[in-house]
Every structure is written in C-alpha cells, then in structure tokens.
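Please read them alongside the coordinates.

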Amino acid sequence: KDGMPPAAMASEEPDYTPLVQSATSREATSGQRGCPTCLKWCMTFVLIIVVIVAIQQLPLSVGLRTGLLAIVVWFLVTVVVPLLPVGPSSNTDSYTGGIFSFTVKGVDFTPFGYLRNLGKFADAASSKTNWVENLEEFFAGLATKEKPNVGFGPCPYTRMYYDYDKVKEQLQGIDAAINHGTMERTNELAMVLFNNLMWPEVGRFCLGFTNDEHAVVRPYLAKLFDDAQGERWNLTTLKEMMRAEFAAVDTIVEGDQPSGRMKTDLFSPAESKTWITQVVLRVLHKVALGYDLSKEQTIELSALQSLLLMPAACPGEIAQGLLMWKAIGQRTVEGKAKFMEIYKQEIPKRFPKDDWDEQKLTLTASAFLDAMLTAGGRSVPLGLDIIMGYLLMENEKKPAALVDVDFTDEANLQALVFEVCRLHAPVTTLPRWVTEDGGQTWQHEGICLHKAGYDPKKFERPTEMMLNRSQKDSIYWADFALADGKNAHPNSHACPGKQLSINMMVAFMKEYQAAGPWKLETPEIEMSYYGTKGFTLTKASGKASAGDV
C-alpha cells in the first residue's frame, strides 16, 4: 500500500481496525491476548531447542558447530527474546500489525512509508546550521510541481496542507466537521502515531480522544489555563512566581530537549539539565491547580516527558516486548499513575460545584497530565530555550532583527515570542482523519501549522526573523480552531493555554533580566529547529561587565 497513490485509498475496501477502542470494549477484550502471548513464549523456547538439536546433527566439526550454535543462540537471546511480549495484553487491541508496521483505518504504516519519512524530518530539523533550508526541502519533497502547497506524506495516504489560507479554513471548519461526523482524531502528536500502552486508565492519548471525550475535558482545560486569567493568574503574579525561582539559583544549566536527554532521564533524572522545564512545570501546577510540586516530583515529571516518547511511538508489539517494557514502559506507566492520583484529588477542589464521576475525573486527569508531558509543559520550556538561545548568541551570529533591540521592553519580548513560535512551531501539524462516505473509508490529513507560518503570501521573507509581524496572523497555537470563538467550547481544538504560555515566557524573561547580570559559560550557542544544544549561565557578582548577559 505504501507505493500506491493517495487517491487509491478511497477505492479500496479498508480493513478497518480502530487505533484505540473505547474503555468498554477494551475491558471486554483485554484477556483475549493471553493465550497468543503465552504461545509466543512457548514457541520461542521450542524453536531454541529445535535449532540446538538441528545444529548438533549437522555434519560439521565440533568447532564449527559450536560457533554456529553460539551465533544462533546470541541472535535469539539478544533479538528475539527482548521482543517477546510481557506488557499489558490489551494494547494489542489498539491496531492490527506486527513488529515494524501497523494498520489504522485501513492504512498501513510501515518502515518504508512512515518511519523513513519521520527519520528524514528529524534529520532535517536537528541540523545545527541550515535547518530552515533542510525543512523547506523536506516539505517540498512531499509535494508535486502541480500542487506545491499540498504534501503527500509523511504518513501513507496523508494529505498535508501548507497554504496559510487553506490551513486557516480547515482550522475554522473543525467544529462543523465534528458536528457532521466527518472528522475524527486518533492517537497522534504532530506527525507521530502513538500506541495506547502508556494510557491504561483511559485507553488513549488526549489528542486522540473521541469527539465525545474531548467535549468533556476541553472546557476544564480552558478553565484551568487561559480562562483563569485575572482570577488565578496575570502577568504580575507570573513574574512573582518566576522571581522566586530565579532567587533560588546561582547557576542555570540547560541541556538538550526531551529527545536528547533520554539516557540521563532513564538512569539519573536528578542530573538532567532541565531547570527551565522544571520551573515551567511548577508554575503550571501552581496556576492551574494551586498545587506545589516538590523537588522530587518535578524531577520525576520532567523525566517522564522523554521516557514517554519512545515506548508510546513504537508499534505495540515492540512497546510491550520484554526489553522496552521492562526498561522504560512499565516505569513510565507507574510514574504517570502517581500523578494521575494527585490530579484526581486536586481537580475536584478546583471545581467543587461540579459532579465528578470516575470516568469524567479520570479523563480530565489524564488530559491534564498529557498537557504537562507533551503540550504546554514541554512546548513552553522549548520556546524559552530557543528565546534564550537567540538572545545569548553573539551579535554577528544572531538574527539581524534582534541586534540592538531593547528586550527589557515587554512589547519586544512578546513580539519575539510570536516570531520564535512561527519559526519553531511548537506543534508542526494538527493531524486528523476525514470521511466523505459515512466512515466506510478515511483520509488522513495534516493541517501543517509549520508550513502555514512560512507561507510567503502571508509573511514577508518568511525564512527570516522579523519582529514587526502582525500577531493577529498567528496560527502556531492552531488559533483559528475555536468553535464560536470560545476557548471552552467542547469542539474547540486550539491550544487552551495560548495566552498563559505567552505570558509565562514574557514573565520568565523579565525575571531572568532582573536576577542578573549573568555570565555565559558556554563558548558557542548552537541552534536547531528543536532548540539549543544547551548552555550554562552563572550569576555575575558585582557590576556588569562586557561578558555579562
């Protein structure tokens, strides 16, 4: 199927298996994989015995037989056995497929048509010098000369829209699509599909909630974040929280973002260079829930951001395998469960007049945790890391638009926040599935927020940083996906914390300046699409000098 044109999808009779099932059907089928799982282990050990016996019967010298036996046993023990399932059996109900591929709504996702393209994107985005050009080349490679504003990929049968006006139109049409039953979302974050192993309580990632489930949690997420402005937070209170954070440190050590810190987060999370992430998580919990995270809780939650990604993004057969599950998956699920219990206690305190049954509370707690791990709790630190990186660069290397600009002016800081989010979109794509025949066939679509921000018809010199762009044209928080213009509308899909995220970044930068001067200990700031490669700052004593920032 990977080699077939996108138009062929509609003519095929799909073998439709949902990516995730409802909690009810999942409970009903959770035991069905017990026998096959046991059978896989039995068959593997039988195979090992058969291979050993067969090798012993070969007309070879003792040395050759021993060597061949060692190679075969090594392969079975290091490759086959680690892939044998030990994780929850219910996750295999999430989709049909094998170790390296799976099927969603009749579409096959394979190493050649899916993982290969994701690898190309990651390679382009992680370039330290020419990531802008590399990403432009990547997206152009998905399009055709006839339709340069429509990419076909990176997933099979995926139409990805680049044009700003088209993206805006699609975002505005989400409400109607939901009401007409022509749109669904599945376990996806940007261009990556997740299995459901990491969400045993609700069966899916929050961005893959059914439309009904989304309608339950969306109003609460809005009330916890942007709609709490004035009542629970404003720029002044955010500055006060940030001021306390800066007062407690003399050194800031910032390392790679979640994709680059897996080893440290896995083996020694207390040593991860994630101070900015920890600050953002503490402030978000204080604002949204009135809850004070302890140092240990903050470190653990920060580490979960990177630990979650690998097992969640793997095909379920790998994620529930012995190696992945025991090394990362089980620890991640158990860690998330701790915070789920905290949120299930704290959320009703924020909304004491509402009725909370177990299903509603679990859905809302899971969505809030996902926001901390994959949305605001991750994207705000990423934005701050990029902003800091640009401002810490030497003048000859930083974008010309930033040279000799007064960034103690909050208006300039806010303009920088918007421009950073345009150039480094926190979420590249809003994925969805659409149908025109009542769900018999489905088309995978990507509403590409990244490319919309680079549309030359809308943004002058789009690959360059400019601080005088209209903030009303912002599309990087999926801004136009507000049903009836309401953040708390059940069908709204724009970021529920846009204003909070902007104000947090401005407050952070203002308090960073107030706590200084700072001395940059890093010889050179390296920047990619994903952020800096890390930096170290120490509070400078005495009067500011030429080396202070």
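Which side chains meet in a salt bridge at 2.6 Å, N to O? Those of Asp 479 and Lys 498 do. A salt bridge here is a side-chain nitrogen of Lys or Arg within 4 Å of a carboxyl oxygen of Asp or Glu.

1. Basis of the notes. This is a predicted model, in which local features need pLDDT of at least 70 and side-chain atom pairs count only at pLDDT 80 or more, while totals for chains, interfaces and linings use all residues. Residues are numbered from 1 along each chain as its sequence is written, and side-chain values use heavy atoms, with hydrogens and water left out.

2. The chain as a whole. The protein chain has 19 helices and 15 strands; these are DSSP runs numbered from the N terminus, helices being H or I of at least four residues and strands E of at least two. Of its 549 residues, 54% count as buried. Buried means under 20% relative accessible area, exposed over 50%, and partly exposed in between (1.4 Å probe, protein chains only). Among contacts (heavy atoms within 4.5 Å) with a separation of 6 or more, 72% are between residues 24 or more positions apart.

3. The pair from the opening question.

4. Other salt bridges. The structure holds 24 salt bridges. One of them joins the side chains of Glu 419 and Arg 422 at 2.9 Å, N to O. These two residues are 3 apart in helix H17 (residues 410-423), and therefore about one helical turn separates them. Glu 419 is buried, with a relative accessible area of 3%, and Arg 422 is buried at 0%. Asp 455 and Lys 457 meet at 3.2 Å, N to O; here Asp 455 is buried at 5%, whereas Lys 457 is exposed at 58%.

5. The sheet of 5 strands. This open sheet has the order E4-E5-E11-E10-E6, with mixed pairing. Two strands pair if DSSP finds at least two bridges between them. Strand E4 (150-152) and strand E6 (183-184) stand at the edges with a single partner strand each, so one side of each has no neighbour in the sheet. Helix H6 (residues 164-172) packs on the sheet and touches E5, strand E10 (429-434) and strand E11 (443-448); the direction of H6 makes about 115° with that of E11. The angle is taken between N-to-C directions, from 0 to 180 degrees, using axes that are lines fitted to C-alpha atoms, for helices over the stretch in contact.

6. Pairing around E5. Strand E5 (residues 158-161) runs antiparallel to E4, with 3 bridges between them. Gly 151 stands opposite Met 160, and Phe 152 opposite Arg 159. The hairpin of E4 and E5 has 5 residues between the strands, and Gly 153 takes a positive phi near 140° there. With E11, E5 runs parallel over 4 bridges, and the bridge partner of Met 160 in E11 is Gly 446. Arg 159 also belongs to a network of salt bridges that links it with Arg 432 and Glu 445.

7. The sheet of 3 strands. Its order is E9-E15-E12, open and antiparallel. E9 and strand E12 (518-520) are the edge strands, each pairing on one side only. E9 (residues 251-254) is joined to strand E15 (residues 535-539) by 4 bridges, with Thr 536 as the bridge partner of Val 253. Between E12 and E15 there are 3 bridges, and Lys 519 has Thr 538 as its partner. E9 has a covered face, Ile 252 and Glu 254, and an uncovered one, Thr 251 and Val 253. Helix H16 (residues 376-392) lies across E9, E12 and E15, at about 75° to E15.

8. A loop residue. Leu 293 is in the loop between helix H11 (275-289) and helix H12 (295-313). Leu 293 is buried, with a relative accessible area of 10%. Not counting residues up to four places away in sequence, Leu 293 touches Leu 281, Arg 282, His 285, Thr 298, Leu 301 and Phe 339.
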